[in-house]
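This report describes a single structure for a reader who is new to it. Please keep the sequence and the 3D view at hand while reading.

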Amino acid sequence: MVNKISTDLIRGHTDTIILNVLRQGDSYGYQIYKTIIELSKNQYELKEATLYTAFRRLEKEGSIASYWGDETQGGRRKYYKLTEDGRARYDRYKEEWKFAKEILHYLIEGGIEIDEKPE
């Protein structure tokens with residue numbers, strides 16, 4: 001029985017996952033990391049290097065923006081928030097995923113009916 005999702009299977013959806021987390025509110029790196037684990041019900045863990053690479057890419061593309069928190073205790077945290085471009089990108093990626101999910105369903109579980117004629 002499969003009990004962990006393959007990294008290869010989820011690769012390519014990292015940006016969408018991060019955008020989904022930020023769609024629900026501003027957050028900082030470690031909290032986003034923990035939220036992803038929670039959303040997957042402990043079945044998927046995004047590596048820290050992948051996460052921070054995605055933050056830099058998404059910010060450069062204008063999908064997210066960062067700012068420093070004003071914590072009074074402990075170290076300062078860099079927060080990320082979704083931009084309007086990021087929200088539009090999330091909506092587009094979600095629609096693409098829905099379409100891909102449907103096609104993959106046909107490709108992986110579908111069958112071709114063979115029209116057999118009696119001889």
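Asn-42 is exposed, with a relative accessible area of 52%. In this predicted model, Asn-42 belongs to the loop between α3 and α4. Its phi is near 65°, a positive value in a residue other than glycine.

Lys-41 lies in the loop between α3 and α4 as well. Although Lys-41 is not a glycine, its phi is positive, at about 55°, and this positive value comes just after α3. Lys-41 has 64% relative accessibility and therefore counts as exposed, since the cut-off for that class is over 50%.

## Helix α3 and strand β1

Helix α3 spans residues 29–39. Its buried residues are Gly-29, Ile-32, Tyr-33, Thr-35, Ile-36 and Ile-37. The cover over these buried residues includes α2, β1, α4 and β3.

Strand β1 consists of residues 27–28, and Ser-27 is found in it. Ser-27 has a relative accessible area of 7%, so it is buried. When neighbours within four places in sequence are left aside, the residues in contact with Ser-27 are Leu-22, Ile-32, Lys-78, Tyr-79 and Tyr-80.

## The nonpolar core

The largest nonpolar core has 20 residues, and those with the most contacts inside it are Ile-18, Ile-32, Leu-51 and Ile-64. At least two residues of this core come from each of α2, α3, α4, β3 (78–82) and α5. Ile-32, one of the residues with the most contacts inside the core, is also among the buried residues of α3 and is in contact with Ser-27.

Which residues are in contact with Ile-64, leaving aside its neighbours within four places in sequence? They are Leu-19, Leu-22, Phe-55, Leu-58, Glu-59, Tyr-80, Lys-81, Leu-82 and Thr-83.

## Aromatic pairs

A pair of aromatic rings is described by the distance of the centres and the angle of the planes. The count of aromatic pairs comes to 5. One of them joins Tyr-30 and Tyr-33, with 5.9 Å from centre to centre and 25° between the planes, and this pair is stacked. Both residues lie in helix α3, where they are 3 residues apart, or about one turn of the helix.

Why is the pair of Tyr-52 and Phe-55 edge-to-face? The ring centres are 5.2 Å apart and the planes stand at 90°, and an angle over 60 degrees places a pair in this class. Tyr-52 and Phe-55 are 3 residues apart in helix α4, so about one helical turn separates them. An α-helix has 3.6 residues a turn, so residues three or four places apart point the same way. Tyr-52 is partly exposed, with a relative accessible area of 30%, whereas Phe-55 counts as buried at 1% relative accessibility.

## The largest pocket

The largest pocket holds about 880 Å³ of space. It is lined by 24 residues, and Ile-5, Ile-10, His-13, Ile-17 and Trp-97 are the closest to its centre. By class, 13 of the lining residues are nonpolar, 7 are polar and 4 are charged.

Four helices each supply at least two residues of this lining: α1 (7–10), α2 (14–23), α3 (29–39) and α5 (84–109). The most is given by α5, with 10 residues.

## The second largest pocket

About 220 Å³ of space lies in the second largest pocket. Its lining has 13 residues, and those nearest its centre are Thr-7, Arg-11, Tyr-44, Leu-46 and Thr-50. Two or more of the lining residues come from each of α1 and α4 (48–61). The lining divides into 4 nonpolar, 5 polar and 4 charged residues.

Terms used:
Residues numbered from 1 in each chain as written. Predicted model: local features only at pLDDT ≥ 70, side-chain atom pairs only at ≥ 80, totals over all residues. Heavy atoms only, no water. 1 Å grid on protein atoms, 1.4 Å probe; cavity = no way out; pocket = protein on both sides within 12 Å on 5 of 7 lines; lining within 4 Å. Points joined across faces, edges and corners; volume = space filled by probe spheres on them. Nonpolar A, V, L, I, M, F, W, Y, C, P; charged D, E, K, R; others polar. Phe/Tyr/Trp six-rings, centres within 6.5 Å; stacked < 30°, edge-to-face > 60°. Buried < 20%, exposed > 50% of the residue type's maximum accessible area, 1.4 Å probe, protein only. Contact = heavy atoms within 4.5 Å. Core = buried A, V, L, I, M, F, W, Y, C linked by side-chain atoms within 4.5 Å.
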